[in-house]
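This report looks at charged side-chain pairs.

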Amino acid sequence: MSEAVGQQTPTGVAIDTAPDGTVERFRHGKTVAIVIRLLAERSGGAERIYVELANMLAARGYEVTCLHYDQSRGKPFFPLDPRIELINLHPDPVPFGYRLRRWASRRPFFPASLRQKWGWAAANDIFVAQLRDYFTLRRPDVALTFMPPANTPALLAAAGTGVKVIPTNHNVPEEDYTSPERWDPNPIDREVRLAALDHAARIHVIFPRFGDWFPSHLQSRIVAMPNYVSEEILEARPAPQREPIILAVGRLAKVKNYATLLDAWALIARDHPQWKVVIYGVGPQLKVLKAEAQRLGVEDSFILAGHRGNLGEEYARMSIFCHPAHFEGFGLSPAEALALGMPVVAFADCPGVNEFVFDGENGLMVDRAGGPAALAAALRRLIEDEALRRRLGDAGPASVASF
């Protein structure tokens with residue numbers, strides 16, 4: 001090769017040459033594509049990490065493009081560095097053929113196998129085609145993808161293009177790859193999710209033991225890397241006197257199990273009228289939780305507070321953090337709460353939380369079999385024992401220092 005020093009090849013790799021014209025070394029290019037399915041106006045933990053990762057890479061000099069596939073034309077909830085290119089790959093309008101497939105996939109008079117095939121194509125084919133065009137034309141040095149709804153299309157799109165794709169998995173793999181209740185319930189989607197990983201350059205998981213779930217031929221590609229507590233969160237300073245509030249943070253969805261927290265609170269609310277529960281998050285269970293809180297007579301002390309940007313101030317001033325989820329990949333909000341000195345109450349069998357919350361050390365871990373009554377007992381214990389609250393909270397920052 002005789003390219004000049006620093007010249008880039010068509011694939012974006014910069015080639016340095018020695019004075020005699022021979023290749024001295026290869027220096028990887030700096031173009032990164034980051035792919036997520038839905039981004040517009042979404043305020044979840046995964047979306048926040050997606051945006052923060054993009055911002056951190058841009059600050060380090062990488063050329064970053066954020067790709068998403070939103071029918072909504074809204075903007076990202078979290079602020080994106082203006083140097084970052086943001087592309088919504090969803091066409092407007094959707095071509096008639098895809099709309100026809102979607103219509104046919106919902107008609108019960110067609111065979112189930114055809115409806116599943118058409119349904120998967122209607123949901124994914126345009127996304128795959130758009131990504132393939134992007135990868136072919138722009139040829140990023142690496143594509144980082146967030147969660148199965150983006151992992152699968154990106155892996156299929158990049159196959160044969162030479163673009164390296166690293167799918168990131170932010171939850172328990174068994175739930176993400178086999179549960180019909182996670183992501184698209186179409187059985188074709190579950191089959192393709194796992195098969196597409198054969199095209200991955202590396203496969204990210206949150207904790208090492210999560211990697212054990214994947215097939216043996218993928219084990220050499222597994223990289224374990226936990227999420228992190230954001231510097232923005234750590235800018236807050238714990239209040240010397242905390243307010244009598246139990247805080248929860250997360251999407252109002254079944255997996256977060258806020259219905260159990262509501263039932264638990266109803267058992268103890270009358271005994272502690274100065275206390276209340278505040279939940280930051282939005283989602284499909286909003287109306288159900290509001291109606292149930294009213295039925296139980298705790299609507300004034302069980303507050304669904306909606307979106308919130310920087311939660312550091314909330315972690316810093318409130319007293320107890322409760323996270324009743326069925327499972328988590330990491331448990332970002334409990335880690336943030338611990339970092340700012342809040343004791344955590346959670347269920348002992350919750351993966352992704354029981355990796356760093358330990359009963360009697362930095363929180364109280366509850367037997368899920370005990371249901372709302374057991375959760376209520378743990379909350380009552382912390383409400384009534386200020387010394388215990390302080391001891392567990394004081395242990396929080398050191399327990400998540402590695403994050």
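## Overview

The structure holds 17 salt bridges. A salt bridge is a side-chain nitrogen of Lys or Arg within 4 Å of a carboxyl oxygen of Asp or Glu. The model is predicted: local features need pLDDT of at least 70, side-chain atom pairs count only at pLDDT 80 or more, and totals for chains, interfaces and linings use all residues. Residues are numbered from 1 along each chain as its sequence is written, and side-chain values use heavy atoms, with hydrogens and water left out.

Arginine 101 pairs with aspartate 125; their closest N and O atoms are 3.0 Å apart. The pair links distant parts of the chain, with arginine 101 in helix H2 (residues 96-105) and aspartate 125 in helix H3 (residues 112-138), 24 residues apart. Helices (H or I, at least four residues) and strands (E, at least two) are DSSP runs, numbered from the N terminus.

Arginine 380 forms a salt bridge with aspartate 271, with closest N and O atoms 3.1 Å apart. Arginine 380 lies in helix H13 (residues 371-384), and aspartate 271 in the loop between helix H9 (258-268) and strand S12 (276-280), so the bridge ties together parts 109 residues apart in sequence.

## Within one helix

Arginine 317 bridges to glutamate 314 at 2.9 Å between the closest N and O atoms. Both are in helix H11 (residues 312-317), three residues apart, which means a separation of about one helical turn. Glutamate 314 is buried, at 4% relative accessibility. Arginine 317 is partly exposed, at 26%. Buried means under 20% relative accessible area, exposed over 50%, partly exposed in between (1.4 Å probe, protein chains only).

## A network

Salt bridges also link Arg48, Glu52 and Glu336 in a network.
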